[in-house]
Protein chains: 2
Amino acid sequence: MADKIFRVNMSTLSTAIEDVPANWNGLGGRGLTSTIVAAEVEPTCHPLGGKNKLIFAPGMLSGTVAANSGRLSVGAKSPLTGTIKEANAGGTAAQMLARIGCKALIIEGLPQGDTWYNILISADTITLSEETELVGKGNFDVVTAVQGRTSEKHGIMTIGPAGEMKMHSANISIKDPDSRLRSCGRGGLGAVMGSKQIKYIAIEPTEAKVEIADPDKFKEANRTFTKALVDNPISQALGTYGTNVLVNIINEAGALPTRNFTSGQFDGHEEISGETMHDTIVEREGKPKHNCHTGCVIQCSQIYNDSDKKYKTSGFEYESIWAMGADCCVDNLDQIAEADHLMDDIGIDTIETSVAMGVAMEGGVLEFGDGEGICRILREDIAKGTALGRIIGCGAGSVGRAYGVTRVPVVKNQAIPAYDPRAIKGIGITYATSTQGADHTMGYTIATNILGVGGSVDPLSHEGQVELSRNLQIATAAIDSTGMCLFIAFAALDDETCLPALVDMINARFGINLVAEDVTNLGISILKTERAFNEAAGFTNKDDRLPEFFSEEPIAPHNVVWDISDEEIDTFWNF
Amino acid sequence: MADKIFRVNMSTLSTAIEDVPANWNGLGGRGLTSTIVAAEVEPTCHPLGGKNKLIFAPGMLSGTVAANSGRLSVGAKSPLTGTIKEANAGGTAAQMLARIGCKALIIEGLPQGDTWYNILISADTITLSEETELVGKGNFDVVTAVQGRTSEKHGIMTIGPAGEMKMHSANISIKDPDSRLRSCGRGGLGAVMGSKQIKYIAIEPTEAKVEIADPDKFKEANRTFTKALVDNPISQALGTYGTNVLVNIINEAGALPTRNFTSGQFDGHEEISGETMHDTIVEREGKPKHNCHTGCVIQCSQIYNDSDKKYKTSGFEYESIWAMGADCCVDNLDQIAEADHLMDDIGIDTIETSVAMGVAMEGGVLEFGDGEGICRILREDIAKGTALGRIIGCGAGSVGRAYGVTRVPVVKNQAIPAYDPRAIKGIGITYATSTQGADHTMGYTIATNILGVGGSVDPLSHEGQVELSRNLQIATAAIDSTGMCLFIAFAALDDETCLPALVDMINARFGINLVAEDVTNLGISILKTERAFNEAAGFTNKDDRLPEFFSEEPIAPHNVVWDISDEEIDTFWNF
């Protein structure tokens with residue numbers, strides 16, 4: 001059965017299952033969401049108006065047994081940045097969508113009136129129903145209730161109160177194999193889903209399998225690919241300590257933004273480090289290793305229990321822990337875990353919201369270090385939509401504007417994550433030039449600047465940073481289209497068997513004959529499509545800049561400023 | 001004595017009185033503020049950071065006896081729009097600055113720490129002093145206190161709590177001859193003054209007069225000019241009913257934006273009209289006629305008393321009354337007057353703040369028609385800087401973002417004032433193309449579209465709107481440089497003696513020989529300077545657009561949408 005495009009029009013409350021246009025055939029994940037957004041969304045439209053569309057697309061390999069191939073891409077014009085946006089996450093949805101033959105789900109239009117809806121999709125039907133019971137509910141309640149209505153095997157994509165209130169940091173949550181949540185976190189895509197008044201989308205399970213053109217070749221390639229992932233030392237560290245292994249590494253590098261980006265090292269780093277987290281998890285009988293989707297062999301997730309050994313949170317990432325921890329000066333991992341859990345339930349991006357809290361602390365809203373205060377604001381203000389909740393829920397830029405703070409770490413209005421660009425200059429190029437606002441995952445130069453993966457580029461030097469970021473951004477755009485987790489990049493950069501095996505799997509899946517260069521060209525094409533959308537929306541090279549405080553305030557311990565010239569940044573797009 | 005540039009550096013707490021650079025010599029008012037901003041301010045800088053500068057400049061004829069020549073221009077990069085910005089007002093400051101030989105006052109840098117300052121300037125000194133007593137005080141208290149410290153004759157330019165809190169709608173208030181306030185209202189220039197931690201600037205009175213190169217010629221030209229103003233029927237209507245004469249006229253034209261821009265007519269228009277206001281003022285023994293600066297012969301201001309015949313407000317303008325009235329559906333002139341008084345005291349733009357209230361009403365923050373609620377939010381939230389106060393105090397765009405409202409009438413994030421562009425298309429071109437965000441005063445096509453001044457252009461037709469707006473924007477930029485009130489334009493457009501007399505006055509003042517074409521060229525040059533600044537700040541033609549709801553929602557009673565194409569809008573800049 002050929003893959004189809006599933007389309008829901010909320011203006012007319014109609015649905016359709018359509019053939020895939022020929023030029024979308026070879027695409028998946030980010031490559032597909034960005035292509036559809038560019039083709040069907042007016043670049044200057046209001047992100048929360050009737051002209052924006054929300055696109056869900058599994059990756060090219062999602063639904064197969066390929067290791068780590070379960071990422072789901074969600075795309076739209078972002079209410080936070082005004083740019084094109086793709087956010088991806090694990091969970092079960094990508095694999096389930098692929099198996100029912102859904103190449104992409106496109107949600108367009110806006111409903112009349114205040115009625116909310118839910119969507120149930122299967123291989124051949126899309127059912128749009130009115131929703132009342134779950135409006136206003138947190139994501140965890142939604143998952144429980146929807147599983148009650150359907151089954152534990154159903155896939156679920158949902159928004160919490162933040163998305164309903166159209167907060168610009170609202171995310172879209174994807175149910176994972178344990179009925180917990182993974183987040184398409186950045187750029188406020190939950191607000192787009194909220195604007196369309198859709199509380200959740202459920203996916204009916206199927207016995208059907210994704211068709212593989214050459215099963216033997218696929219199996220063989222997957223074996224090689226999996227071995228490369230499993231053997232990689234960074235994969236192994238991620239499995240042991242989670243992404244939070246980075247707290248001590250980045251602190252040591254002097255690039256752990258602390259106290260709203262006024263220092264590069266945090267006195268409390270040991271208290272929130274991956275090592276401490278690992279020991280705490282073991283002591284409390286949680287799980288240090290956990291997969292966000294079936295088939296993941298890295299297992300960087302974990303189950304973090306509270307002091308009563310009861311489940312508190314999972315998918316407890318370095319960037320979230322950094323943001324609530326070092327950036328807000330909170331050195332208490334339990335408070336951070338509580339905040340992480342609350343944000344997952346409210347459905348709001350942990351990076352954006354926590355960086356916003358740091359700016360709010362500088363603006364005098366609460367004291368640095370006040371982890372209890374963060375949790376209180378999450379519960380009492382953001383979840384309930386008070387005025388303060390809406391200011392913080394609309395992100396770091398919003399807080400800066402409301403409180404007159406000028407030290408606001410954002411690019412294209414999206415919060416800069418856990419790596420200070422003054423001390424790791426490659427990532428600064430990524431923040432500045434990314435088509436989607438500041439986002440470390442768009443071109444993770446930390447690999448080469450700090451971890452020595454894919455060569456070595458001195459983080460403090462100008463040299464090679466633009467080229468490094470460019471190569472990684474191109475590769476990332478391609479990887480984000482395959483359905484692969486970005487963490488395959490560590491093996492891909494250092495193990496020469498990995499990338500060819502990935503290309504072989506794509507070829508075996510579709511019965512085609514791509515070479516490595518085709519993958520690079522795919523990445524280039526995606527970046528250019530995204531950039532063209534942004535230019536048509538009014539973005540210029542003036543938007544490819546870091547906030548001026550990075551050039552003016554040296555950061556300890558290296559006492560360095562951001563000093564890559566505008567002209568050098570602009571060479572990024574010379575390809 | 002030659003005019004000088006007065007300069008205050010808040011980073012070093014130093015002051016200087018400098019010679020005027022040759023290329024600034026022929027400039028004044030907006031022409032000078034925009035030239036200085038373009039020359040000295042980095043276009044991409046943070047508007048509230050150390051690289052922005054705040055410029056005060058009297059007009060070319062300010063300080064002379066020329067009728068209506070007492071406007072003061074204030075310029076900077078705007079925190080509201082991100083564009084270059086000039087806002088002008090009457091009051092006594094322009095004339096006093098001109099008489100002490102201050103061609104422009106430039107305030108640059110940012111102080112270290114939290115100390116606030118005041119500035120006292122005289123012909124040969126600038127005194128920067130620490131300020132504690134008046135921090136947090138409203139503008140009326142500031143005027144009383146500063147007059148107590150200095151004299152009743154001193155000029156005063158001040159910010160209220162809104163400016164101190166760096167709200168993006170904060171204005172700068174200028175003392176008028178009765179020790180009341182006129183506002184440099186739009187674009188948040190009060191926040192720029194607040195960022196520099198200057199509470200007020202006082203100007204010492206002088207006996208000195210502005211030098212006139214040819215006094216006889218000047219006197220003669222002023223006589224002709226004054227007669228043209230006084231004889232003009234619109235000048236006369238403005239003197240009788242104030243600018244609020246427009247409520248009934250614009251309602252009749254179906255262009256009075258009502259209930260957050262969902263209708264073009266307001267049922268309660270009679271209750272808030274200029275005619276009702278005039279009768280109320282007379283009955284309560286106020287003054288229907290009042291001048292905002294010495295030498296004004298139009299006298300469109302007034303003293304509006306409360307029901308106890310006690311002073312309530314003055315400078316009670318059509319656009320403010322429309323915004324709190326029709327746009328928020330408040331049909332009670334006393335509530336509107338109370339709100340106007342509160343906004344003047346808090347130091348916040350009446351247009352931006354009231355349009356923001358309308359968007360907040362749509363967002364469910366308060367009910368349409370709740371005039372008491374508006375006053376309560378002004379007193380309890382904006383004045384005190386609560387979270388809600390900060391959302392509304394940062395303008396209509398801010399409220400739209402916080403509450404997920406898409407019907408947000410702004411261009412370049414500045415609120416659209418009192419004339420619906422669907423029903424008066426010429427003003428839509430001005431809103432879209434203005435270098436400073438939506439602003440009716442930038443090219444007041446209402447004159448020709450509705451009032452039949454300067455010819456007649458059908459407000460509902462496409463034809464001639466771009467040319468009309470262009471000609472008026474060019475003329476306005478020039479008029480804003482002379483120190484003249486914009487209301488001279490009615491006479492200038494219809495009385496052939498008026499404009500030559502104005503040119504003669506400029507020639508007589510400086511001993512030069514401009515012709516009418518030179519004035520046009522000045523206007524062109526100012527617009528191009530401003531546009532170039534904005535382009536360097538990252539603005540493109542994509543920013544020269546009205547919000548999409550204007551194209552999608554027909555407005556009663558004409559049931560028309562905004563239908564001038566992007567291509568046609570872009571022809572505006574073909575000069």
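Predicted model: local features only at pLDDT ≥ 70, side-chain atom pairs only at ≥ 80, totals over all residues.
**Entry 1: the sheet in chain A**

Two strands pair if DSSP finds at least two bridges between them. Helices (H or I, at least four residues) and strands (E, at least two) are DSSP runs, numbered from the N terminus. With that settled, I looked up E9(A) and E10(A), which pair in the antiparallel sense over two bridges.

Residues are numbered from 1 along each chain as its sequence is written, and chains are lettered from A and ligands numbered from 1 in the order in which they are written.

Back to the strands. I found A:Ser173 in E10(A) as the bridge partner of A:Thr158. On to E12(A) (residues 198–203): four bridges join this strand to E9(A), and the two run antiparallel. There A:Ile156 stands opposite A:Ala202. E10(A) is also joined to E11(A), by four antiparallel bridges, with A:Lys175 opposite A:Leu181.

What is the order of the strands in the open sheet? I read off E8-E7-E12-E9-E10-E11 in chain A, six strands with mixed pairing. E8 (126–131) and E11 (181–184) stand at the edges with a single partner strand each, so one side of each is left without a neighbour in the sheet. Neighbouring strands are turned by 20 degrees against each other on average, direction ignored. (Axes are lines fitted to C-alpha atoms, for helices over the stretch in contact, and angles run from 0 to 180 degrees between N-to-C directions.)

Next I checked which way the residues of E9(A) (155–158) point. A:Gly155 and A:Met157 go one way, A:Ile156 and A:Thr158 the other, and all are buried (20 or more other C-beta atoms within 10 Å of a residue's own, with C-beta atoms placed from the backbone). Helix H3 (139–149) of chain A lies across E9, E10, E11 and E12 of chain A, running at about 145 degrees to E9(A).

**Entry 2: H12 against H15**

Two packed helices are described by the angle between their axes and the distance between the axes. The crossing of H12(A) past H15(A) is right-handed (the near helix is turned clockwise from the far one by less than a right angle).

Which residues make the contact? From H12(A) I listed A:Glu352, A:Val355, A:Ala356, A:Val359 and A:Ala360, and from H15(A) A:Ala396, A:Val399, A:Gly400 and A:Tyr403. (Contact means C-beta atoms, placed from the backbone, within 7 Å.) These residues divide into seven nonpolar, one polar and one charged. (Ala, Val, Leu, Ile, Met, Phe, Trp, Tyr, Cys and Pro count as nonpolar, Asp, Glu, Lys and Arg as charged, and the others, Gly among them, as polar.)

**Entry 3: chain A meets chain B**

I then turned to the interface, where 29 residues of chain A are in contact with 28 residues of chain B. H14 (387–393) and H15 of chain A each supply at least two residues of the side of chain A that touches chain B. That side divides into eleven nonpolar, ten polar and eight charged residues.

I checked omega and phi. The peptide bond from A:Ala556 to A:Pro557 is cis, with omega near 0 degrees, and A:Pro557 sits in the loop between H22 (549–552) and H23 (566–570) of chain A. In chain B, the bond from B:Ala556 to B:Pro557 is cis, with omega near 0 degrees.

A:Lys166 is not a glycine, yet its phi is positive, near 60 degrees. I placed A:Lys166 in the loop between H4 (161–164) and E10 (172–175) of chain A. Buried or exposed? A:Lys166 is buried, with 29 other C-beta atoms within 10 Å. A:Asn413 has a positive phi near 70 degrees and lies in the loop between E16 (410–411) and E17 (414–415) of chain A. With 26 C-beta neighbours inside 10 Å, A:Asn413 counts as buried.

**Entry 4: B:Ala170**

B:Ala170 is buried, with 35 other C-beta atoms within 10 Å. Not counting residues up to four places away in sequence, B:Ala170 touches several residues, including B:Ile159, B:Gly188 and B:Ile348.

Key: Contact = placed C-beta atoms within 7 Å. Buried ≥ 20, exposed ≤ 12 C-beta atoms within 10 Å, placed from the backbone.
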